[in-house]
Amino acid sequence: MSLNGSGGGAGRAIFAFTVLVAGLAGSISAQAQAPVAPASSVAPLPASIIQGVAVRGNQRIEAGTVTSYLPLQSGMPADAELLDLSLKTLFNTGLFSDVALEMQENGVLLIDVKENPIVNRVIFEGNRRVKDDKITEEIQLAARTIYTRSKVQADAQRIVELYRAKGRFAASVTPKVTPLEQNRIDVIFEVDEGPKTGVAKVNFVGNKIYTDNELRGEILTKESRWWRIFTSNDNYDPDRLEFERELLRKHYGRNGYADFSVVSAVAELTPDRKDFFITFTVDEGPQYTIGEVRVKTTLAKLDEDVLERFIPIKTGATFDSEKLENAIESITFATGSTGYAFVDVNPRLSRHAETNTIDLTFEVNEGPRVYVERINIKGNTRTLDKVIRREVRIAEGDPFNRVLVDRSKARVRSLGFFKEVEIEEKPGSAPDRTELDITVQEQATGSFSVGVGVSSTENFIVDLSVEERNLMGRGQLLRFRMQASSRTRLVDIQFTQPYFLGRNLAAGVSAFNQRTNFRESGFIRNRIGFGLNTGFQISEYGRGGLNYQFTNDDVRIDSLSQQNILGSVDPLSILAPGATPISVTPVVVNGQTNQVVVAVLCDFIVQSLSPTCQSRGQFVTSLIGASVSFDTRNDPFKPTRGWRAILSARFAGLGGDVNYYQTEFSGAYYHPLIGKFVGVLKGRAGYIDGYGGDDVRLSDRFFEGASSFRGFEVAGVGPRFVTRFDARENRPDGQSIGAKAYAIGTAEILLPLPLPKEYGIRASLFADFGTVGLVDESTKFINGDSSFFVDVPLLDVDGAPILDDMGNAIITTLAPVQDDLALRVTAGVSVSWDSPFGPVRFDFAEVLRQEIYDQTEGFRFSAGTSF
């Protein structure tokens, strides 16, 4: 008896049965010549006994491995059903392309096999739109795996699906095999990508409230147009249709249509097979308003009236499904804060068709007690488990708490190491047990970049940096940076260990060398130093920090700028008694050679305008600082709600030549407005003062403007040393001398642009307001000499000179040192774009309130790239 099978696919075989056992052939033949007896009188032939098992045809696979798959052994009868099961079992292993079982005359069961080949390598040809590594991640076949026909067919289909997801429905894949020696093969997938399949038209049927164009703006799929070169959303993707249904439901749900449904979503291929027509059939239903809103609870510690205050839904408002979800989250958070870890919030909607209103009742009851049995970390191919686990706010064995789970997700995401962070709940080993799967998708954390850019402040920027934010997967930061621009040269190296000695204590060290040209104040500072810092957790949302910094500053006067300050004044004519001109430098200004006497300038300024020359020379600063910060924002990168606040204090005078104390505060509050609009309130304030007889040096003061106070130039707002009236600009001109105090606020509305997120374009409306001022009394010494006062015309609200009866401009005098803690206000639009060539930002601002000596600008931009 023999059984044969040919492996065209798993589980497929053709069987033939022949009696070959010695001594039986003759009797069967004889029986065939005799008259056939009735079936009931014929006794079945007894099965042969297997005397042994032999394997033939195997090359790589040991004979013992082959026989281990068999349900038959020596001494067992060669039953036809067992032989059939043995044949199928061997085929199902995927190791063989052909198998035959044959009973020999000596009772030995012979297993004749033909092994499947081993894949030597997998080759892709013709794939330009999808890279090799992307395809390799999706298919089964790989080098040193066993080849089967079913695997190669499945892999070819999977590659086709990859191309369909990219909108190429005409793509085809042809697998080929190249035999090699030692039963090895090369598998070749020949890919014909075909033309890109776009979306010709998106239609809607049944919509009466919103037009087709309005609904097209709510879904992800876009009609194919030539300008959509940076997006793939104009390709048809069948997996995206279900997501589009959900987007439409959310849109209608936000606007009161609680009964809305998508009846069908159909995609039809055009006759030329190049594009699709997509048709959504919708049922809008009526628009509802909110009736009665109540909270019911059986929990003793909870007050229903108090919980109602957490519900962002009011009677008479249009029904909003998003606010309903927010209300559930707010109630869950509020109950969790009072100690109820197991709460079930069930909103019940009572519709009243006659009035098109919905009554909302939030039933808050104690839910089933569930405990976290296990926390699984997945997807972290590089980052160590402990780096993620130490950010998780819930531990194995703790009661399940939705607030802590959401907080854990935000903290892991704030590391900046992952593209995506998801936390999924899975059933545990018992009904009161649950497992949490934290799935992350790693992203690049190391970079080597050379960047170039331009800005209104720096003119040009060249930047070289090497940075690793997740060193060896331990969460450590190592950065080396070199930057050069028209005003700054910087070399900086920094290392930070976020969990020093295994504790929640960050520790870092840095060293730097920076040369900055303060053109607005007429001096150049070369600073070299190092810093030590540490940070620690003080609450769930709060951190504290300590730092120490040691710097050596070399401040030099920009002679040309000082000559511009003096204008036509002869420096020798103002030489103080006993002053010696130790340095004379010829400088060409407007074609004329002027003798700039540095000693004279410093002598003059020391007695009248102290900041520049008091800051001249070398100074050692040794300071210690402390800070405390709180951050409750829901997203560290693109927040829509929550707040952040930072308070810091610095004290200089632990040795060195400089004595001062400084305090600064900054904060921001985010709150969702109507629709997708987000309101933002920001504020910054600071104060610095000297002690021990020291005034505050110019380089330690606050300079505001440009990006810190939009609408004003760099250091364009605040105290200023006025030297002349610029008739062309129609304003007094001079140099900024910095301030000891500032307070600046911003009110901003983040705008939801009707553009795909992948464009990376964001916009906001803003209003900046605040004040900058205060200088030491010694700085105002020159105001006591009227000979240095500047003649300026009186200007009206439009900036035009005010004329007298004779038609001449009315002239007034302005003290040289101007310092007014006056309110300044600006407003405008800010647009940023994460372009393929680097980040680009535009600020358009209008100054609504200013002082006559402030330096304003209506437009500022910056752009750069890395390569």
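In this predicted model, the largest cavity is lined by Ala706, Arg710, Gly711, Asp843, Ala845, Glu857, Gly858, Phe859 and Arg860. Two elements, β38 (838–849) and β39 (859–866), each give two or more residues to that lining.

**Cavities**

- When the whole structure is searched, two cavities of 30 Å³ or more are found, and the largest cavity has a volume of about 50 Å³.

**Aromatic pairs and a cluster**

- The search of the whole structure finds 16 aromatic pairs, and among them is the pair of Phe651 and Tyr691, which is stacked, with 5.3 Å from centre to centre and 20° between the planes.
- Phe651 belongs to strand β27 (residues 642–656), whereas Tyr691 lies in the loop between β29 (678–690) and β30 (720–726), so this pair ties together parts that are 40 residues apart in sequence.
- Both partners can be described by their accessibility: Phe651 has a relative accessibility of 35% and therefore counts as partly exposed, while Tyr691, with a relative accessible area of 26%, is partly exposed as well.
- Phe842 and Phe859 also form a stacked pair, because their ring centres are 6.1 Å apart and their planes stand at 20°, where planes under 30 degrees apart count as stacked.
- This pair links distant parts of the chain, since Phe842 sits in strand β38 and Phe859 in strand β39, 17 residues apart.
- Phe842 is partly exposed at a relative accessible area of 28%; Phe859, which is also one of the residues lining the largest cavity, is partly exposed at 38%.
- Elsewhere, Tyr210, Tyr252, Tyr257 and Phe260 come together as one aromatic cluster.

**Charges over rings**

- Which ring has Arg710 lying over its face? Arg710, a residue that also lines the largest cavity, lies over the face of Phe766, at 3.7 Å from the ring centre.
- Another arrangement of this kind involves Arg351, which lies over the face of Tyr288 at 6.0 Å from the ring centre.

Terms used:
Residues numbered from 1 in each chain as written. Predicted model: local features only at pLDDT ≥ 70, side-chain atom pairs only at ≥ 80, totals over all residues. Heavy atoms only, no water. 1 Å grid on protein atoms, 1.4 Å probe; cavity = no way out; pocket = protein on both sides within 12 Å on 5 of 7 lines; lining within 4 Å. Points joined across faces, edges and corners; volume = space filled by probe spheres on them. Helix = DSSP H or I, 4+ residues; strand = E, 2+ residues; numbered from the N terminus. Phe/Tyr/Trp six-rings, centres within 6.5 Å; stacked < 30°, edge-to-face > 60°. Buried < 20%, exposed > 50% of the residue type's maximum accessible area, 1.4 Å probe, protein only. Lys NZ or Arg CZ within 6 Å of the ring centre and 35° of its normal.
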